[in-house]
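Let's walk through this structure together, moving from one part of the chain to the next. Keep the 3D view open as you read.

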Amino acid sequence: MSVGVCLRCGHRKPDYAGVCPTCGHMPYQQGLLVAWLLSEEHLSTEELAQTGERIQEGVVPQPTKEMLDRARQALGVHPEDDEGLSVPQRLGLMALALLITPAVGVVLWFSWRSVRPRAALQALWASLPTGLFAWAFIGWWAFTGWLR
Ligand SMILES: [Zn+2]
């Protein structure tokens with residue numbers, strides 16, 4: 001258990017990964033990486049106090065991708081920790097890809113690729129082939145209609 005500051009209110013927490021005693025915020029997924037960056041595992045006591053003061057002044061912590069990668073390595077977030085998407089979620093994605101655009105899967109993949117690597121790939125695989133198949137079908141239908 002390491003001391004940290006709350007990424008929402010900037011007050012000290014006895015355990016960076018636990019519930020904030022001041023505002024009740026509990027870091028989750030990517031927030032947990034930020035929480036680690038705002039803990040004494042990563043910062044000195046002095047840096048921690050300064051960072052806490054800045055958050056209390058309203059500054060939102062904006063860690064870079066490199067910092068998040070360091071936190072991910074330290075915390076050991078692996079694809080196996082990501083339980084992925086449920087079957088209804090995948091079917092929903094396929095329906096979205098079919099009816100609207102397969103770009104949904106690409107957007108989800110892009111935003112999840114570092115925090116939920118497994119779900120990200122599943123989203124990509126659920127929507128891309130479905131979307132391509134739909135467009136191929138529409139193309140074939142238009143082509144044969146044009147032949148008649
Ligand atoms: Zn808090």
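This is a predicted model: local features need pLDDT of at least 70, side-chain atom pairs count only at pLDDT 80 or more; totals for chains, interfaces and linings use all residues.

Two residues are in contact here if their C-beta atoms, placed from the backbone, lie within 7 Å. Leaving aside its neighbours within four places in sequence, Cys20 touches Cys6, Arg8, Cys9, His11, Lys13 and His25.

Cys20 also belongs to the largest nonpolar core, a set of 12 residues. Among the other members are Val5, Cys6, Leu7, Tyr16 and Ala71. Helix H1, spanning residues 30–37, gives the most to this core, contributing five residues. There is also a second, separate core of 11 residues, which includes Leu85, Ala97, Leu108 and Trp109. In soluble globular proteins, nonpolar side chains tend to be buried together.

Now step back to the whole chain. It is divided into domain 1 (4–77) and domain 2 (81–147), and the C-alpha centres of these two domains lie 34 Å apart.

Next, turn to helix H5, residues 103–112, where Gly105, Leu108, Trp109 and Trp112 are buried. Viewed down the axis of H5, these buried residues fall within an arc of 100°, so they line one face of the helix. Their packing partners are helix H4 (87–99) and helix H6 (117–147).

How do those two partners, H4 and H6, pack, and at what angle? The angle is about 35°, with the axes 8 Å apart, and the crossing is right-handed. On the H4 side, the contact involves residues including Arg90, Leu93 and Ala97; H6 brings, among others, Gln122, Ala126, Gly131 and Ala134.

Notes
Residues are numbered from 1 along each chain as its sequence is written. Domain bounds come from an automatic or database domain assignment. A residue is buried if 20 or more other C-beta atoms lie within 10 Å of its own, exposed if 12 or fewer, and partly exposed in between; C-beta atoms are placed from the backbone. Helices (H or I, at least four residues) and strands (E, at least two) are DSSP runs, numbered from the N terminus. The arc is that of the directions from the helix axis to the C-beta atoms. A nonpolar core is a set of buried Ala, Val, Leu, Ile, Met, Phe, Trp, Tyr and Cys residues joined through C-beta atoms within 7 Å. Axes are lines fitted to C-alpha atoms, for helices over the stretch in contact, and angles run from 0 to 180 degrees between N-to-C directions. A crossing is left-handed if the near helix is turned anticlockwise from the far one by less than a right angle, and right-handed if clockwise.
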